[in-house]
Amino acid sequence: MSSSLLEIAQRVAGWAGDGFDVEAFVAHERETEVRAYEGEVESLTAATAQGIGVRVVHQGRQGFAYAATLDDETVRETFDEALDNSRFGSIDEFAGVAEPDGVEPEPLDLYRSELAEFPTEDKVALALELERVTLAADPRVTGVESAEYADSVFESAVATSRGVAATARETGCYLAAFSLATERDDTQTGFGFSVGRHPGELSAETAGTDAAERATRLLGAAKAPSRRLTVVLDPYVTARLLGIVGATLSGEAVLKGRSLFADRMNEAVGAPSLTLVDDATDPDAFTASAIDAEGLATRRIPLITDGVLQSFLYDTYTARRAGVSSTGSAVRGGFKGTPGVGAHALSLTPGTRSQDEIVAGIDDGLLVQGVTGLHSGVNAVSGDFSVGAEGLRIRGGETAEPVREVTIASTIQRLLLDVAEVGSDLEWLPMSAAGVTLAIADVTMSGT
Amino acid sequence: MLEAELVNRTLSVAMRTGADFAEIFAEERRSSSAILDDGRVEEVVSGRDRGAGIRVVVGETTGFAHTADLTETGLAAAAGAAAAAARQSGGARRIVEVSSLDVPRPLTVRVPPEDVPKSTKVALLTAADAAARSTGSAITQVSARYGDGRRRILVADSDGLFTSDDQVRTLFSVSCVATGDTGMQTGRESAGRTAGFELFDLYDVEEMARRAAQRALTKLTARPAPSGEMPVVVGPGGGGVLFHEACGHGLEADLVAKSASVFAGRLGERVAAPMVTLIDDGTMAGEWGHYGIDDEGKPAARNVLISGGVLTDYMWDRLRARKEGRASSGNGRRQSYQHLPMVRMTNTYITNGDADPDDIVADTTHGVYVAQLGGGQVNTATGDFVFGMTEAYLIENGEITAPIREGNLIGNGPEVLTRIDALGNDFAMGSPGTCGKDGQGVPVGDGTPTLRVTALTVGGTAA
């Protein structure tokens, strides 16, 4: 399959002509999703999707078009449309498609035939087991809002008229449970998941018990009085925070005057315990990939080392404009979009102590299990940071009463500088960042 | 898009192994967009997408498959896959007969975007860029986006339904960065309607750009937002997001049926202050959440959800309604043919009260005035919700005073509904939004008059 996708991409890239370059990205994805509810299959979706995105750069002007079918006529029309669109773009001397940069992609093996061959009835059984395990984990779990198995077999190819020709192939699957726990009049929710490259790596037990545990430990939660305290972010919450930090380090944000850290290269932007790396070549990362969205090799990029800013992320365009080399950081949401700059697989270098040990050293704090409103209360340009939070109070080194309906607030700049400790519990989650316990001092909790 | 005969044969394949219900949802989507950033028109994009999703229901189980191949072979393969997914256990063979009863609704689009030259669309972007930058040198960055989309859908099912719709939406937004001694701040303005290029008869993009720029400039002098519970006044239009999160999602019947809503089992009860009447209305022509039929073929409707503070109904899609033996309320929507439909809002709004909005502010000794909101999120099972403020001010001694920095507010839906103690007479619709649920985004509108909540927690950092 990948080879036929590459044939299409190369054929389109070959239509480049006098004064214009072409990039074609072709993708094919097969997905299954099973949802269990009350011991039955609520829904089962089996689908394949494919498409092409064509980018034309004509004398510095860029045009793009996409189509969700790969028949010859549509592909040709998509190319024509992209070429026509390029007439309306502004001239940008740095615009262009990627060319080979001599960096060999890592030989990552991200494809598991076990997934492709896994029978549908076994997928159904996994989803049903997940619901069963979640319900059985605790008598206070009164319902499972959703228990889901999902997988994907994804293949893509990208080719440019400057000689890039690359393919990628990967499998991935996960189990996700959302539980409802009830005690007297109080209802709380919790989630749990398990991820893998093939179903043999999944654990319904882990996902189900995590979902039950997260919901039941919040039972009886109440709003708390406002105060400043140390927050301990659960690994999942840290991963979401890293996603925001990654956006501020994109070369595009830097060049366009939208990065908090634009003028801070080689300065201390975080606590000395903070080392942040983007590394899509780590095969353990859920979003690992040997090539980026422009077909260049991904590589390990130290962004912040011991608190000091070391690098920004660049794709071909932003690298040219900044006078540096691409860091292999082109990302795209699929064939329907042009590539942009972004992190692939962020992680903090773990510390030496477990979450329990970190909590034991905190006199007055909040263990944050979940956050909401990251899209509505965080501004990656100004740095303002304010999110809804729920979790457990920490008193005298132990977790205490559950808390809900509060916000935690600071600024992105302060959060990085106020990092007190990074935990030892690094885990890859179904997103482009790894989770790890993270303690941050002096955060405002707003409640009553 | 598809002939009735082909639809009949495909539905027959879907029903062949015995099913309670089968449906074809075919969609053809064309879109164009143009983006300006950093003073340049960065990209002009066109896209097209077409395909069909086939749903087969057996008992409690839904099987679903989709395909981009709209030939008889492609549709039959998807129908077979959906039927297999629904795990048939035998049953009678049914022949489906749909008849073409399609009554096209009068096309409300005056200027189809596909007839407008790309250069005209691009000119809007450059005009907005220039207008934003003309407000002062503190405006250091501007981006603007134009987008239009035409979505033609056809829905046919084993109950004999065969219907279609043609939905055109046009959107424009502009975002600015202002830089000062205190760092950078942002301002955004957007306009969108279920309409064609005539959107720009109603909205002047230069005016929008100047407002976005002014918003960013104002925030350069903003103080940290306060922290803690206090009265919050939300300006006209903006409060729709608050209701969308505080109770809109909680009134979606799929969540109610799973007891994942704090509003489950509360029909007929007082759930809000007596002045609150909440309506979800997909028939509001031109509004962002408007359509002719929903994505299950049911005509859009005006549904009263809360009347005088009393909960009168939930919102329904076909599956949930069928279980309850009632009709769908026309709220079955999906992001595309690649998705299963579920219960979604359309245009959700609170009707006017009788207070003068100036009096509401004058009557507030101390609190926060939110002029523009920036989205939100809710946990329907607990009712806790957040929404962001992207333009807000302190209220001191009955007057709107200093601007404050961005942040979230947090509250609990059932509590907040009863804490509304003032509703203005200045109803307005808010900005066009994309509502996300279970990974699917759909366009929604909302609206409110000026309103006051006696206590909400403002999530800032100032004491």
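Which domains does the domain assignment of chain B give? The assignment gives domain 1 (113-153 + 164-219) and domain 2 (227-459), with bounds that come from an automatic or database domain assignment. This is a predicted model, in which local features need pLDDT of at least 70 and side-chain atom pairs count only at pLDDT 80 or more, while totals for chains, interfaces and linings use all residues. Residues are numbered from 1 along each chain as its sequence is written, and chains are lettered from A and ligands numbered from 1 in the order in which they are written.

The C-alpha trace of chain A spans about 70 × 55 × 35 Å along its principal axes.

Of the 448 residues of chain A, 59% count as buried. A residue is buried if 20 or more other C-beta atoms lie within 10 Å of its own, exposed if 12 or fewer, and partly exposed in between, with C-beta atoms placed from the backbone. Among the contacts in chain A with a separation of 6 or more, 71% are between residues 24 or more positions apart. Two residues are in contact if their C-beta atoms, placed from the backbone, lie within 7 Å.

Val26(A) gives a local view of this. The residue lies in strand β1 of chain A and is buried, with 28 other C-beta atoms within 10 Å. Leaving aside neighbours within four places in sequence, Val26(A) is in contact with Leu5(A), Ile8(A), Ala9(A), Ile52(A), Ser156(A), Ala157(A) and Phe335(A). Val26(A) and Ala159(A) are 133 residues apart in sequence, but 8.9 Å apart in space from C-alpha to C-alpha.

Chain A is divided into domain 1 (2-216) and domain 2 (221-448). The centres of these two domains, taken over C-alpha atoms, are separated by 23 Å. In chain A, 31 residues of domain 1 are in contact with 27 residues of domain 2. On the domain 1 side, the elements that give two or more residues are β1 (20-37), β2, β3, β4, β5 (165-183) and β6 of chain A. By class, that side has 20 nonpolar, six polar and five charged residues. Ala, Val, Leu, Ile, Met, Phe, Trp, Tyr, Cys and Pro count as nonpolar, Asp, Glu, Lys and Arg as charged, and the others, Gly among them, as polar.

In chain B, the centres of domain 1 and domain 2, taken over C-alpha atoms, are 25 Å apart. Here 14 residues of domain 1 are in contact with 15 residues of domain 2. On the domain 1 side, β5 (162-180), β6 (183-193) and α5 (205-219) of chain B each supply at least two residues. The residues of that side divide into three nonpolar, five polar and six charged.

In α1(B), Val7(B), Thr10(B), Leu11(B), Val13(B), Ala14(B) and Met15(B) are buried. What covers them includes β1 (21-37), β2 (40-58), α2 (72-85), β4 (139-157) and β5 of chain B.

The two chains also meet: 58 residues of chain A are in contact with 64 residues of chain B. The largest share of the chain A side, nine residues, comes from β2(A). That side divides into 16 nonpolar, 31 polar and 11 charged residues. Five bridges join β2(A) to strand β3 (residues 61-67) of chain B, and the two run parallel; strands pair if DSSP finds at least two bridges between them. The bridge partner of Ala46(A) in β3(B) is Ala65(B).

Key
Helix = DSSP H or I, 4+ residues; strand = E, 2+ residues; numbered from the N terminus.
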